[in-house]
Amino acid sequence: MTHHSSKCCCRVGPSILNADLSKLAEESKRIVEAGADYLHLDVMDGHFVPNITFGATMVKALRKHLPNTFFDIHMMVSDPEKWIDDMADAGANMYTFHLEATDDPDRVIRMVRAKGMKVGLGVKPNTPVEMLLPFVEKVDMALVMTVEPGFGGQKFMAHMMPKVELLRKQYPDLDIEVDGGLSPSTIKAAVEAGANMIVSGSAVITSDNPREVMNGMKEVGRRWFPCTTDQTAS
């Protein structure tokens with residue numbers, strides 16, 4: 001086993017998609033207090049993906065209850081430029097949009113930066129990772145979907161790992177996120193390939209002991225991506 005990079009830290013960001021949305025603030029606090037490094041908030045518009053979740057109003061409401069938590073907003077929406085201002089105003093830290101959702105990723109990247117947010121750029125399973133490469137140096141994080149986006153609780157697609165490997169080989173210090181089916185049984189494959197930001201939904205949210213689940217995943221992940229005290233506090 002070798003460390004992939006001295007600059008990347010393995011972080012676990014639970015997805016609240018499968019939480020009890022009727023008490024989302026309470027559920028989110030519970031997960032953060034159990035050791036979540038960040039929260040992954042799935043925004044779906046019913047067009048880009050066949051499901052509808054929530055928007056900026058809910059993110060803003062949640063921010064009041066979690067003033068210091070890093071919010072990674074996963075925008076599974078068409079026309080991602082439409083929601084940048086609202087999400088910035090709502091308190092989003094990172095605006096992660098899909099390459100497939102726009103004809104002008106550069107423009108969206110510039111708009112997100114102009115609002116003071118970090119930029120994430122993701123690809124669906126059927127999109128070749130090579131299409132992401134021209135934009136990688138302009139973003140803060142690359143997202144490789146390991147399920148078809150739209151619904152929680154799907155099985156991890158291990159055959160997406162070559163995408164992660166290619167990104168890590170070419171960009172040793174890039175934050176690479178994987179999302180879909182990540183759990184204690186699948187995290188090793190993800191971090192071995194080079195992912196350091198781990199979105200975990202059902203495995204954490206439905207666990208009787210989310211702290212134990214996240215600690216176990218971090219323990220595995222940090223064998224490849226150890227964290228300094230400064231990194232774990234950020």
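This report describes the sheet, the packing of helices, the nonpolar cores and the salt bridges of a predicted model.

## Overall sheet

The model contains an open sheet of eight strands, arranged in the order β1-β8-β7-β6-β5-β4-β3-β2, with parallel pairing. Its edges are formed by β1 (11-14) and β2, each of which pairs on one side only. From one strand to the next, the twist averages 25°.

Strand β4 (residues 94-98) pairs with β5 in the parallel sense, and five bridges connect the two. Within this pairing, M94 stands opposite K118 of β5, and H98 stands opposite G122 of β5.

L121 has A142 in β6 as its bridge partner. Strand β5 is mostly covered, since five of its six residues are buried.

Strand β7 (residues 175-179) runs parallel to β8, and three bridges join them. D179 stands opposite V199 in β8. Between β7 and β8 the chain passes through helix α6 (residues 187-193), giving a right-handed β-α-β crossover.

Strand β8 (197-200) also runs parallel to β1, through four bridges. One of the contacts along this pairing is that of P14, whose bridge partner in β8 is S200. Helix α8 lies across β1 and β8, running at about 145° to β1.

In a regular strand, side chains alternate between the two faces of the sheet. Strand β8 shows M197 and V199 pointing one way, with I198 and S200 pointing the other way. All four of these residues are buried.

In soluble globular proteins, nonpolar side chains tend to be buried together. The largest nonpolar core of this model has 70 residues, and those with the most contacts inside it are L41, L62, I73, M87, L167, V178 and I198. Helix α8 (residues 210-224) gives the most to this core, contributing five residues. A second, separate core has eight residues, including Y38, M141, M145 and M197.

V178 illustrates the packing in detail. Leaving aside neighbours within four places in sequence, V178 is in contact with L143, V144, T146, M161, V164, A190, A195, M197, I198 and V199. Among these partners, M197, I198 and V199 are buried residues of β8.

## Salt bridges

Side chains of opposite charge can pair when their charged atoms come close. The model has nine salt bridges in total. One of them joins D37 to R222, with the closest N and O atoms 3.5 Å apart. This pair links distant parts of the chain: D37 lies in the loop between α1 (24-33) and β2 (39-44), whereas R222 belongs to helix α8, 185 residues apart. D37 is buried, at 16% relative accessible area, while R222 is partly exposed, at 23%.

R113 and D140 form another salt bridge, at 2.9 Å from N to O. Because R113 lies in helix α4 (residues 105-114) and D140 in the loop between β5 (118-123) and β6 (141-145), the pair ties together parts that are 27 residues apart in sequence. Both partners are partly exposed: R113 has a relative accessible area of 38%, and D140 has 26%. Elsewhere, salt bridges that share partners join D37, K218 and R222 into one network.

A further salt bridge joins K82 and D79, at 3.7 Å from N to O. K82 is exposed, with a relative accessible area of 55%, whereas D79 is partly exposed, at 32%.

Methods: Residues numbered from 1 in each chain as written. Predicted model: local features only at pLDDT ≥ 70, side-chain atom pairs only at ≥ 80, totals over all residues. Heavy atoms only, no water. Core = buried A, V, L, I, M, F, W, Y, C linked by side-chain atoms within 4.5 Å. Buried < 20%, exposed > 50% of the residue type's maximum accessible area, 1.4 Å probe, protein only. Contact = heavy atoms within 4.5 Å. Salt bridge = Lys/Arg side-chain N within 4 Å of Asp/Glu carboxyl O. Pairing = 2+ DSSP bridges. Axes fitted to C-alpha atoms, helices over the stretch in contact; angles between N-to-C directions. Right-handed = clockwise from strand over helix to strand, strands pointing away.
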